[in-house]
Amino acid sequence: MPRAAILDVDGTLVDSNYQHAIAWQRALRSEGISVPAWCIHRHIGMGGDKLVGAVAGEAAEERCGDAVRDAEAEIYMELIDEVQPLPGARELILCLRERFDSVVLASSAKEREIDFYLDLLGAREIADDWTTSADVEATKPEPDLVHAALEKAGAREGVVIGDTTWDVKAALRADLAAVGVLTGGFAAAELREAGAAAVYESAAELVPRVAELDGELSASRAR
């Protein structure tokens with residue numbers, strides 16, 4: 001059975017979570033809403049369609065959710081040149097290609113953001129495919145993104161590697177194993193509590209240990 005390695009992008013392969021938190025904070029302020037940056041960071045990785053309501057309340061979502069999302073998208077593009085690849089990111093994609101039938105970069109970011117990341121990582125030639133916001137209707141923690149990645153891979157099983165509890169929850173809802181990394185700012189205990197089968201410090205730490213993912217897949221099948 002074909003096996004896919006599904007890689008989150010923001011916070012897993014590129015160091016962008018804090019720029020996203022700043023962009024959301026500025027976008028919320030543009031609508032007169034003040035939310036502490038730490039609170040926003042706790043929700044990075046959740047889909048933007050859910051984030052405004054989660055951090056500012058459903059009344060704010062109803063009043064100006066779309067305006068905040070539009071503003072965040074523009075503000076983030078002003079910050080995106082600050083984003084750098086995380087150590088080991090490209091090497092991890094290459095190592096996963098040797099052990100899995102396909103490697104898909106799974107993101108619900110807008111196409112222009114994904115294009116920037118693909119060029120930043122030099123990933124167009126080494127990833128088998130990738131997703132964007134156009135591929136999903138319901139964002140994380142719903143499993144739609146994981147299902148879309150599996151479809152692109154032509155696979156029914158695999159492992160999801162991500163940096164947030166939202167990545168882990170989406171993987172489990174799609175009945176896949178989840179592996180966490182700490183580069184998005186979530187603690188190992190939080191990722192494990194959400195259901196991560198294993199947690200590594202970073203993509204760089206995972207590179208020489210990718211063989212361990214076979215065990216996570218076997219354990220996932222047993223469940």
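Visitor: Which helices each supply at least two residues of the lining of the largest pocket?
Guide: This is a predicted model. Its largest pocket holds about 540 Å³ of space. Of the 28 residues that line the pocket, the closest to its centre are Met46, Gly47, Gly48, Ser108 and Ala109. The helices that each give at least two lining residues are H1 (17–29), H3 and H4.

Visitor: How many residues of each class are in the lining of the largest pocket?
Guide: The lining is sorted into nonpolar, polar and charged residues. The lining has seven nonpolar, 10 polar and 11 charged residues.

Visitor: Are H3 and H4 parallel or oblique?
Guide: H3 covers residues 48–56, and H4 covers residues 58–79. Their axes lie 9 Å apart, at an angle of about 135°. An angle over 145 degrees would count as roughly antiparallel, and 65 to 115 as roughly perpendicular. The rest count as oblique, so H3 and H4 are oblique.

Visitor: Which residues in H4 meet H3?
Guide: On the H3 side, the contact uses Gly48, Asp49, Val52, Gly53 and Ala56. The residues of this contact divide into four nonpolar, three polar and four charged. The H4 partners are Glu58, Ala60, Glu61, Gly65, Val68 and Arg69.

Visitor: What is the handedness of the crossing of H1 and H4?
Guide: The axes of H1 and H4 come within 8 Å and cross at roughly 135°. The two helices are therefore oblique to each other. Their crossing is right-handed.

Visitor: What is the class make-up of the contact of H1 with H4?
Guide: H1 brings Gln19, His20, Ile22, Ala23, Trp24, Arg26, Ala27 and Leu28. H4 answers with Val68, Arg69, Ala71, Glu72, Ile75, Tyr76 and Leu79. By class, that gives 10 nonpolar, two polar and three charged residues.

Visitor: How do H4 and H6 lie, roughly parallel or roughly perpendicular?
Guide: Helix H6 spans residues 111–121. H4 and H6 pack at an angle of about 20°, with their axes 11 Å apart. Angles under 35 degrees count as roughly parallel. That makes H4 and H6 roughly parallel.

Visitor: Which residues in H6 meet H4?
Guide: H4 passes H6 in a left-handed crossing. The H4 side of the contact is Ala73, Glu74, Tyr76 and Met77. The H6 side is Arg112, Glu113 and Tyr117.

Visitor: Which elements give two or more residues to the lining of the largest cavity?
Guide: The structure holds one cavity of 30 Å³ or more. The largest cavity has a volume of about 60 Å³. Its lining is Ile6, Asp8, Ala106, Lys140, Leu145, Val146, Val160, Asp167 and Ala170. The elements giving two or more of these are strand E1 (3–8), helix H7 (144–153) and helix H8 (165–173).

Visitor: Is the peptide bond from lysine 140 to proline 141 cis or trans?
Guide: Proline 141 sits in the loop between strand E3 (129–130) and H7. Most peptide bonds are trans. The bond from lysine 140 to proline 141 has omega near 15°, and is cis.

Visitor: What is phi of aspartate 175?
Guide: Aspartate 175 lies in the loop between H8 and strand E5 (177–181). Most residues other than glycine have a negative phi. Aspartate 175 has a positive value, near 65°.

Terms used: Residues numbered from 1 in each chain as written. Predicted model: local features only at pLDDT ≥ 70, side-chain atom pairs only at ≥ 80, totals over all residues. Heavy atoms only, no water. Axes fitted to C-alpha atoms, helices over the stretch in contact; angles between N-to-C directions. Helix = DSSP H or I, 4+ residues; strand = E, 2+ residues; numbered from the N terminus. Contact = heavy atoms within 4.5 Å. Nonpolar A, V, L, I, M, F, W, Y, C, P; charged D, E, K, R; others polar. 1 Å grid on protein atoms, 1.4 Å probe; cavity = no way out; pocket = protein on both sides within 12 Å on 5 of 7 lines; lining within 4 Å. Points joined across faces, edges and corners; volume = space filled by probe spheres on them. Left-handed = near helix turned anticlockwise from the far one by under 90°.
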